[in-house]
Every structure is written in structure tokens, then in C-alpha cells.
Amino acid sequence: MSYKNPDRTIHERVEDLLKQMTVEEKVGQVNQHLYGWKAYEKDKTGFRLTDYFKEHVRWGQGMGALYGLFRADPWSKVNQLNGIPAEDSWKVANDIQDYVINHSRLGIPVLLAEECPHGHQGLGSISYPTNIGRGNSFNTSLIEETSRLMAEELAAKGVHLALVSSLDLSRDPRWGRTEECYGEDPYVAAAFNRSIIAGFQGDMINDHQAFVHQTVAEIDRKPNQLGVVLKHCIAQGDGLGGHNSGAVTIGQREFMEIYYPLLNSAKNAAGIMAAYNDIDGVPCHTNQQLFQEQLRTAIGYQGIVMADGTALDRLKPIYGSDERAAGQALQAGIDLSLWDRTYLTIENGLKQGVIQMEALDQAVYRILSLKFMLGLFDRPFTEKPETNYKERIYCYQKGNQKMAAESMTLLKNEGLLPLTDSGEKLAVIGPNAHALYNQLGDYTAPQTDEQLGKTIFTSVKQAFSRSQVAYSQGCDVRDEQNQETLIENAVELAEKSDKIILVLGGSSARNFDMEFFANGAVSSKGVNMDSGENVDVASLSLGGKQLELLARLKATEKPIITILVQGRPHDIETVCQHSAAVISAWYPGQEGGLALAQILTGTVNPSGKLSISYPRSSGQLPVYHYQRDIAMNENYYDLSGAPLFPFGYGESFTTFSYEKLTVLNPEVTKQALKDGKKLQVEVTVKNTGQYIGKETALLFVKLHGGDVIQRKQLLRGFEKVELSPNQAERISFKLGVEELAYCNSQGAFELTDQVTIRINELEQLISFENS
């Protein structure tokens with residue numbers, strides 16, 4: 001049979017296989033119906049596959065994909081007692097694969113998909129900083145490096161697809177999933193998308209050739225590479241009121257300028273996940289224009305589109321039946337379901353005539369193509385890892401620590417930092433000072449006792465070994481009951497200390513007592529969980545008694561260093577007024593405590609810059625930096641319209657100067673730009689301070705003219721450099737049509753007659769000749 005011949009192209013093999021498949025087998029391939037953690041049971045002798053799993057294999061005469069085999073968290077109720085240890089994952093993966101292949105008439109293997117929001121959500125896995133912090137790094141090479149480490153960890157466990165959040169933009173930080181965004185800017189997110197794809201996949205899919213016209217050998221997947229599924233498509237962060245899954249009212253021009261380039265950056269991903277929201281009334285999961293016309297035809301995307309969890313079941317009220325909903329989703333290009341019942345009705349839909357066989361065949365074709373590309377038909381099983389898992393974890397944590405340090409942003413420093421370990425008394429106080437889960441963000445696996453000990457307090461105590469470091473909780477994140485004793489204890493400690501390290505913020509930490517929706521989002525939040533999926537807020541104020549604690553500590557007149565551990569920006573004007581230094585650590589991950597201690601001691605110079613405009617309060621939203629430059633009063637009667645800290649803001653222990661902004665070819669014409677010529681821009685950055693440090697140069701453009709209102713500014717380049725004191729470096733940027741064009745009133749991209757280029761405070765106006 002041709003599909004078993006490795007010398008044939010993927011297209012030839014898929015076509016041959018597809019012709020031999022029954023309707024039942026095809027339906028089985030587009031369904032990812034099971035909760036993977038229910039596929040096994042653990043007892044004293046090891047792991048066994050459940051009847052729940054075997055029955056579904058029988059129903060689908062095989063299996064398309066299995067999500068969450070290794071997932072461990074409060075929703076799945078999987079922990080160290082009943083879950084799969086990281087070092088045994090490859091064995092269970094092989095058991096699953098062996099059963100599916102041997103119970104599929106044609107021997108079709110199964111895709112194993114795992115959640116990877118900030119590292120694998122499995123036992124013993126690395127938990128990196130959440131995206132909102134990683135975005136502050138402005139470091140594409142570090143994003144690629146840590147993505148490669150995640151891929152290596154997952155591939156060793158037998159995973160084939162990693163689900164990674166990278167397509168969402170934080171345009172309203174009241175949204176609980178702000179922590180999953182790289183920030184507000186589409187240019188940054190697009191650059192990181194390319195780094196993520198390179199880190200996870202290498203060049204298995206590229207722009208130059210459709211992968212289905214190659215053989216598996218020509219694609220040459222390496223053992224540590226796997227497919228990445230980027231999510232969510234699209235505009236989920238634009239929900240009205242900051243509501244999760246809220247209505248999105250962006251127009252076509254907003255889509256083309258902001259989200260189309262973001263989608264284009266995901267062109268080479270193995271998969272994309274559809275978003276829960278609608279766009280102007282059309283659900284993303286049935287949006288043919290989005291997936292078929294824009295993503296696949298215009299952009300040339302080759303991978304699969306996966307549904308979000310139970311999202312297809314939300315379509316029945318719109319279309320009247322599960323079968324019609326399934327037909328609309330297949331027609332729109334949704335290839336693979338996730339936990340829903342809707343795609344279980346496809347065979348009935350075919351009989352009713354509301355689903356076309358051609359649409360089903362297209363979905364199956366893409367899923368099978370992906371399985372061939374990943375080498376599953378020729379090498380379906382995972383080999384025993386050569387290195388001990390704990391040894392690999394140690395190596396991974398080095399990259400994690402580096403990522404955590406570059407994710408933190410110094411917002412204020414009155415000369416107090418860095419601290420010296422001189423034998424002073426340091427009081428580490430606050431609800432996030434000694435609580436590891438509060439550092440990790442939503443969708444986090446249970447942690448080992450060793451990891452639980454790596455809190456900010458314990459890390460500071462270790463780093464300041466000559467000083468007397470003591471801890472007091474101070475208050476809870478949100479709970480307002482029975483807080484007075486906690487506050488009093490903290491004040492008593494502060495009065496006996498020389499300096500206060502105050503760790504405030506929010507928490508996305510779940511616990512095993514919570515209740516959840518069918519898609520894993522919390523339905524009964526714990527009192528101190530104020531961020532994460534389905535945890536939106538109306539106010540950005542710090543919760544509970546945190547501000548009262550701050551005021552009481554300020555009254556001691558001891559210097560305060562405030563650390564903000566958070567998944568979204570909070571209202572921190574009062575914090576900044578009362579603190580001598582302020583650091584936003586975001587959710588810094590397992591190594592966040594150590595990274596923060598390194599910054600406090602000056603071992604590491606903070607280099608993060610805000611990838612999100614930091615608001616003063618929710619009352620002034622939105623404040624993202626690339627809004628249209630409309631003639632209006634931006635200020636309110638009772639509040640400034642400007643953010644507290646602008647996009648790109650971040651202080652350092654050293655200082656930098658910018659000089660000699662130069663456009664090397666300012667005479668370039670519009671036609672030359674359209675023909676591929678690029679503006680070449682250079683600037684000199686110099687370290688004028690006393691510490692070695694990293695600086696990110698941000699290049700903005702302001703377009704002038706055209707037939708629409710242009711935006712205030714657009715980020716069109718960034719470069720991070722490390723400089724020693726008195727060292728200078730010349731940085732180069734190239735700007736082409738993609739960076740300089742806007743979407744005109746007719747929906748087409750065109751160039752304006754003039755553009756201002758700005759780096760730091762340096763500007764240059766360029767006028768384009770028309771020919």
C-alpha cells in the first residue's frame with residue numbers, strides 16, 4: 001500500500017490512505033473528544049489503560065488525537081499520587097500509541113497533544129514565567145531558546161503537539177487571561193511567534209515548499225522537535241468590557257492592520273487554535289473568511305486548525321442542531337475538535353445532508369498530513385531518553401532562570417537598589433512573598449516539595465546570607481476577613497527592621513477544592529484567585545487589605561522596595577508614591593525567586609521593558625499605545641488619559657544614551673519600496689553608567705497622510721544589546737512595505753507620503769517620492 005511507502009510524498013501517502021478509509025474512520029480522526037488523564041489508571045503495579053479510553057478507540061476505529069494524557073492540575077484531579085511521573089511519560093505514551101495502532105484497521109497512529117502555557121502542565125515539569133512577563137524581555141533569541149527547551153522536554157515524554165498561547169493581545173487588562181499575552185503590541189507578538197515556531201519545530205514547515213509535497217525523510221524531523229499549536233485565533237483580547245469570550249466588534253481595517261500580520265507570523269505553525277469569541281457577530285469557529293480565505297488562501301497556512309475546549313458545543317443555539325453546527329465548523333476549516341460532542345454527530349450530519357463529505361475529507365487530509373510530517377507512521381514510538389530526567393531538568397532551569405530575570409521590569413528606583421549584603425535586618429512581607437503557586441500563573445501542575453521551597457522569601461534569605469532576613473505574610477491577596485493580626489505582625493516585624501521588601505500583587509493559583517467548567521476554566525473561584533481564565537475584574541485596584549498593609553508599613557518610615565507578582569497591571573500609583581523602588585516581576589515562574597534575588601543584589605541588572613501600557617486605573621481603558629491619532633481631549637475631568645507608565649518603559653541600574661539617528665537611504669521611492677527595497681536606519685546606543693546592562697532599542701514610526709486617520713505610533717523594530725560601561729554599539733533596522741504601509745479606506749495596503757521615524761527621543765521625518 002502506497003501510504004506505507006516512505007519514498008512517496010506525504011500527499012501521495014495521504015491520498016492513498018484517505019481512499020481506503022470508511023466514514024467511521026474519518027470521523028474518528030477529526031475527534032479529540034477524550035480527557036487524556038482519564039485514559040489511564042495507576043495502581044501498585046504501574047499504569048493500565050481504561051475502558052473509557054478503549055471504548056472511544058473502538059467507536060472511532062482509531063483515534064485522531066488525545067489531549068492531556070500527562071495533564072496534572074486541580075481540574076483533572078491529577079497529582080503526584082495518581083499521575084504519571086515525568087520520567088515514566090514516554091512509557092505510557094508508547095502504551096497509548098501501541099493500543100491505538102493495533103486497534104486501527106489501517107494502523108493509523110494518534111497525536112498526543114499537551115498544554116504548554118508557560119511550560120508543560122505535567123508533573124515534574126518546568127514552569128517558566130507567564131507570557132506577560134516574557135514579553136517584557138524583548139528578547140527573541142531567548143524566547144526561541146526556551147521554546148526549544150520546552151520542545152525537548154515534551155518530545156522526550158512522547159508528545160507531538162504543544163498548545164502555546166501567543167496570538168492574543170492584551171488590549172484590556174481587566175481580562176483574566178492577560179497573563180497569557182506577550183503584551184499589547186502585534187509587532188512584538190509576531191516576532192515572538194516566529195521565535196516560538198523556530199524553537200519548537202525548527203524548519204519542518206517553511207515558506208518555500210508545501211510540506212505535503214516532500215517525503216518524511218526530506219522533512220527530517222529531529223527527535224527534539226514537535227509541532228506547535230498557537231492560540232487563540234483571533235482577537236480574544238478585544239472582548240468588550242474585558243470579558244472572557246466576550247463580543248468583539250473590530251472592523252475589517254482593524255483586523256487587517258493589527259491581526260492579519262499576527263496571523264501571517266503564524267504561517268509555519270503546525271496548528272492554530274480557534275478562539276471562543278466572535279468577530280462582529282460571526283463565531284471564530286465558523287468563520288470561513290478568517291480560516292479559509294485569510295489564513296489558508298491569502299497567507300498560505302499549511303497546518304491544522306483545532307477547536308478550543310467545548311467551543312463547538314456553543315454553536316448549537318446558533319445553528320439549531322449539533323449536526324448543522326458541525327457542518328458549519330468543518331466548512332470553515334476546523335479540522336480537530338476538543339472535548340465537544342458536536343463532532344461526534346458528523347456521521348449523522350452526512351446522512352442528513354447538512355455536512356459535505358468534501359469538507360470532512362479536507363479536515364482528515366490535513367490531520368493525516370500532520371501525522372506523516374511528524375513521522376508518526378514511520379517512527380510511532382518514543383525511545384527511552386538517554387539522559388536522566390533530573391539531569392535534563394537542571395539544564396532547563398538555567399534557561400528558565402535567565403528568562404525570569406529578563407522578564408522583570410524596574411519601574412522606580414530612588415537609588416535604593418541594588419542592595420548590599422551588609423548585615424542589615426530585612427523584612428520580607430506580603431501575600432506573595434512566600435507562596436510559590438502565586439508565582440506560577442494559571443494552568444500550573446502540582447509542584448514538588450523541593451520546588452515549593454523556592455519562594456521569594458527563601459531566595460532573598462539565601463542571597464543575603466550576612467543579613468538578618470525575616471518573613472511575615474502581612475495579609476491575603478483578596479480575603480478581607482481576619483486580616484488585622486496578619487497586618488499587626490507585619491508592622492511589628494517592619495519596625496524592628498532596616499528595610500522592607502514588600503511583595504504584593506495578584507494570584508492565579510488554583511486549588512483542588514475549586515469547581516470547574518467543562519473546558520477547565522474555574523467556575524467557583526477561591527477568594528484569593530483574582531486572575532486567570534474566567535477571572536475578569538472590573539477594577540485594577542490591588543485586592544484585599546494590601547493597600548492598608550502598605551500604608552501601615554509606610555508609617556514606620558522604613559524604606560520600602562515593592563515587588564509586584566501579578567498576571568495583569570494593577571493600579572499602583574499609591575504603591576509608587578510610598579515605595580523607594582518598585583519592580584514588576586509579573587508571574588516569574590519556578591526560578592522567579594532566585595532571579596529576583598539576583599536583581600536585588602545587583603548580580604543581574606534589570607533589563608525588562610513594559611510590553612503593555614501600564615494604566616492608572618480601569619477607568620481610563622483602553623490605553624494601548626497604537627490607538628488612532630484622533631483629535632480629542634484625551635484627559636478625563638477626574639483623571640489623566642495617559643498611562644502611568646508608557647509602553648516600552650523600564651529602568652536600569654545603569655544609564656544609556658542614544659545618538660546619531662541616521663536613515664542611510666532617505667531618497668528611496670515608493671516604487672522602490674514596493675519592489676522590495678528597504679529603508680535602512682541606524683542609531684548608536686551607549687552605556688553611560690557604571691554597571692554592565694542590557695538595553696532594548698525600540699523603533700517607532702508615525703505615518704502622515706493617506707485617506708484614513710493614522711495611528712499615534714507603530715512599533716516597527718526592536719533590538720536588545722548588552723553593553724559594558726562606556727561601551728557603544730551601532731544598531732541597524734530595516735523598514736519595508738510591511739512596516740510602513742497602512743490599510744486604506746478601500747481595504748488595500750498602501751504607503752503614505754511621509755513617515756516620522758523615532759528611536760528614544762531622536763526623530764527623523766522622511767518624505768517619499770512617488771516614482
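**Notebook: overall form and selected residues of the protein chain**

I first looked up the overall dimensions: the protein chain has 771 residues, for which a compact globule would have a radius of gyration near 28 Å, and its own value of 26 Å agrees with this. The radius is taken over C-alpha atoms, and the globule rule is 2.2 Å times the number of residues to the power 0.38. I note that this is a predicted model, in which local features need pLDDT of at least 70 and side-chain atom pairs count only at pLDDT 80 or more, while totals for chains, interfaces and linings use all residues. Residues are numbered from 1 along each chain as its sequence is written, and side-chain values use heavy atoms, with hydrogens and water left out.

**Entry 1. The whole chain**

I took the box along the principal axes: the C-alpha atoms of the protein chain fill roughly 75 × 75 × 50 Å. I found 23 helices and 27 strands in the protein chain; these are DSSP runs numbered from the N terminus, with helices being H or I of at least four residues and strands being E of at least two.

I then looked up burial. Of the 771 residues in the protein chain, 63% are buried (buried means under 20% relative accessible area, exposed over 50%, partly exposed in between, with a 1.4 Å probe and protein chains only). The protein chain exposes about 28300 Å², of which carbon and sulfur atoms supply 45%; accessible areas come from the Shrake-Rupley method with a 1.4 Å probe, and for residues only the protein chains shown count as cover.

For contacts (heavy atoms within 4.5 Å), I considered pairs at least 6 apart in sequence in the protein chain; 78% of them join residues at least 24 apart.

For charge, I recorded 74 positive and 95 negative charges in the protein chain, with mean positions 2 Å apart. Lys and Arg count as positive and Asp and Glu as negative, whereas His and the chain ends are not counted. The place of a charge is NZ of Lys, CZ of Arg, CG of Asp or CD of Glu.

**Entry 2. Arg 628 and its loop**

I located Arg 628 in the loop between helix 21 (592–601) and strand 19 (656–663). Leaving aside neighbours within four places in sequence, I find Arg 628 in contact with Arg 253, Glu 254, Glu 257, Ile 709, Gln 710, Arg 711 and Lys 712. The side chains of Arg 628 and Glu 254 form a polar contact of 3.4 Å. The Arg 628 side chain also reaches the backbone oxygen of Ile 709 at 3.2 Å. A polar contact is a pair of N or O atoms within 3.5 Å; within protein, one must be able to donate a hydrogen and the other to accept it, and residues adjacent in sequence count only if both atoms are side-chain atoms. Ser 579 is 49 residues from Arg 628 along the chain, and their C-alpha atoms are separated by 34 Å.

Pro 622 also lies in the loop between helix 21 and strand 19. I noted a cis peptide bond from Leu 621 to Pro 622, with omega near 0 degrees.

**Entry 3. Further backbone geometry**

Most residues other than glycine have a negative phi, and most peptide bonds are trans. I looked up departures from this pattern.

- Leu 417 and Pro 418 are joined by a cis peptide bond, omega about 0 degrees; Pro 418 lies in the loop between strand 11 (409–413) and strand 12 (425–429).
- Ala 235 has a positive phi of about 70 degrees. I place Ala 235 in the loop between strand 6 (227–233) and helix 9 (252–265), and Ala 235 is buried, at 1% relative accessible area.
- Asn 760 has a positive phi near 60 degrees. Asn 760 lies in the loop between strand 26 (754–759) and strand 27 (762–767) and is partly exposed, at 36%.

Is His 56 buried or exposed? I find His 56 buried, with a relative accessible area of 9%. His 56 sits in helix 3 (residues 51–60). Beyond neighbours within four places in sequence, His 56 is in contact with His 33, Leu 34, Gly 62, Met 63 and Leu 344.

Lys 44, in the loop between strand 1 (40–43) and strand 2 (46–49), is exposed at 88% relative accessible area. The C-alpha atoms of Lys 44 and Glu 488, 444 residues apart along the chain, are separated by 49 Å.

Lys 4 lies in the segment before helix 1 (10–20) and is exposed, at 51%. Lys 4 and Val 14 are ten residues apart in sequence and 9.8 Å apart in space, C-alpha to C-alpha.
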